[in-house]
Amino acid sequence: GAGNMAGSMVDGILRAGTPANSLACLGGGGVTASALAARSGIRLATGAADLCRGAGVLVVAFKPKHLPAAAPAFAEASAGMLVVSILAGRTLASLATAFPKARAIVRAMPNTPGRIGAGISAWCADRPLNTDDRAGVDRILGALGEVHEVPEALMDAVTAVGGSGPGFVFEFTAALRDAAIEVGFPAGLADAFARSVVAGSGRLLEGGADPDALRDQVTSPAGTTAAGLEVLRKAAFREVIRNAVLAATRRGGELARDS
């Protein structure tokens with residue numbers, strides 16, 4: 001795969017110091033792989049065998065629905081390799097069927113802030129990894145940001161919170177922008193305020209303070225923030241977010257059953 005997430009991984013790995021000539025990419029029928037190779041300087045492979053030849057690690061980053069079609073070409077080509085999959089909903093068991101001769105298989109879920117090294121990823125493996133393979137996983141995912149090893153039972157929830165979570169934050173940001181326009185902001189200024197509020201608040205959270213405590217710091221009794229928060233409370237805002245995460249988690253399980 002050579003789409004947005006694959007490109008983000010390549011950028012992060014190169015940024016961490018891996019030479020471009022040690023990486024190769026392969027795409028589908030489009031131009032994403034050739035564009036990634038041209039932009040990053042990595043090699044454009046001609047097929048599954050060419051991609052895997054001489055390599056120790058295979059990163060699987062195409063759309064999950066393409067796994068059944070791609071598996072026959074990679075079943076033999078990936079023999080003896082460490083396979084790292086970022087396919088949402090594809091379980092270790094289904095990956096083991098697709099890559100039966102891999103030396104180890106890792107199921108991982110990074111997220112889009114990894115494009116700038118500000119992501120968070122989680123992974124699990126089908127067997128205990130040796131020191132070199134564990135270091136390889138940390139190098140690949142660590143180039144995108146924070147990394148956590150978790151049980152596979154948690155991966156659908158990781159996909160919902162870590163993978164889908166940025167989408168929820170972007171939706172909130174768009175809503176804040178649109179509300180600013182409603183109360184009189186010019187469109188450009190509304191956009192600037194919404195982006196800055198979300199980004200700046202995120203930086204405060206990076207300091208480790210509890211989000212409830214940070215909320216309380218900006219909330220004066222009977223003040224403007226309190227008035228807005230009361231609307232969110234009456235609209236069951238936290239319940240809405242809870243339901244969004246639950247829906248995304250359920251969908252991850254459905255993707256696994258469809259595999």
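In which loop is the place of S22? S22 sits in the loop between α1 (4-15) and β1 (24-25), where helices (H or I, at least four residues) and strands (E, at least two) are DSSP runs numbered from the N terminus. The model is predicted, so that local features need pLDDT of at least 70 and side-chain atom pairs count only at pLDDT 80 or more, while totals for chains, interfaces and linings use all residues. Residues are numbered from 1 along each chain as its sequence is written, and side-chain values use heavy atoms, with hydrogens and water left out.

S22 has a relative accessible area of 47% and is therefore partly exposed; buried means under 20%, exposed over 50%, and partly exposed in between (1.4 Å probe, protein chains only). The C-alpha atom of S22 is separated by 17 Å from that of S78, a residue 56 positions apart from S22 along the chain.

Two packed helices are described by the angle between their axes and the distance between the axes. For helix α8 (residues 165-182) and helix α9 (residues 187-206), the axes come within 8 Å and cross at roughly 140°. Axes are lines fitted to C-alpha atoms, for helices over the stretch in contact, and angles run from 0 to 180 degrees between N-to-C directions. The helices α8 and α9 are therefore oblique to each other (under 35 degrees is roughly parallel, over 145 roughly antiparallel, 65 to 115 roughly perpendicular, and the rest oblique). On the side of α8, the contact (heavy atoms within 4.5 Å) is made by V169, F172, T173, L176, R177, A180 and I181. On the side of α9, A187, A190, D191, A194, R195, V197 and V198 take part.

One aromatic pair is found in a search of the whole structure. The pair consists of F185 and F193 and is edge-to-face, at 5.1 Å centre to centre and 75° between the planes. Rings of Phe, Tyr and Trp (its six-membered ring) pair if their centres lie within 6.5 Å; planes under 30 degrees apart count as stacked, over 60 as edge-to-face and the rest as tilted. F185 is partly exposed because its relative accessibility is 27%, and F193 is partly exposed at 46%.

Positive phi values occur at two alanines. A222, which is not a glycine, has a phi of about 60° and lies in the loop between α10 (211-217) and α11 (224-234). With 85% relative accessibility, A222 counts as exposed. A236 has a positive phi near 55° and is found in the loop between α11 and α12 (237-258). Its relative accessible area is 33%, so A236 is partly exposed.
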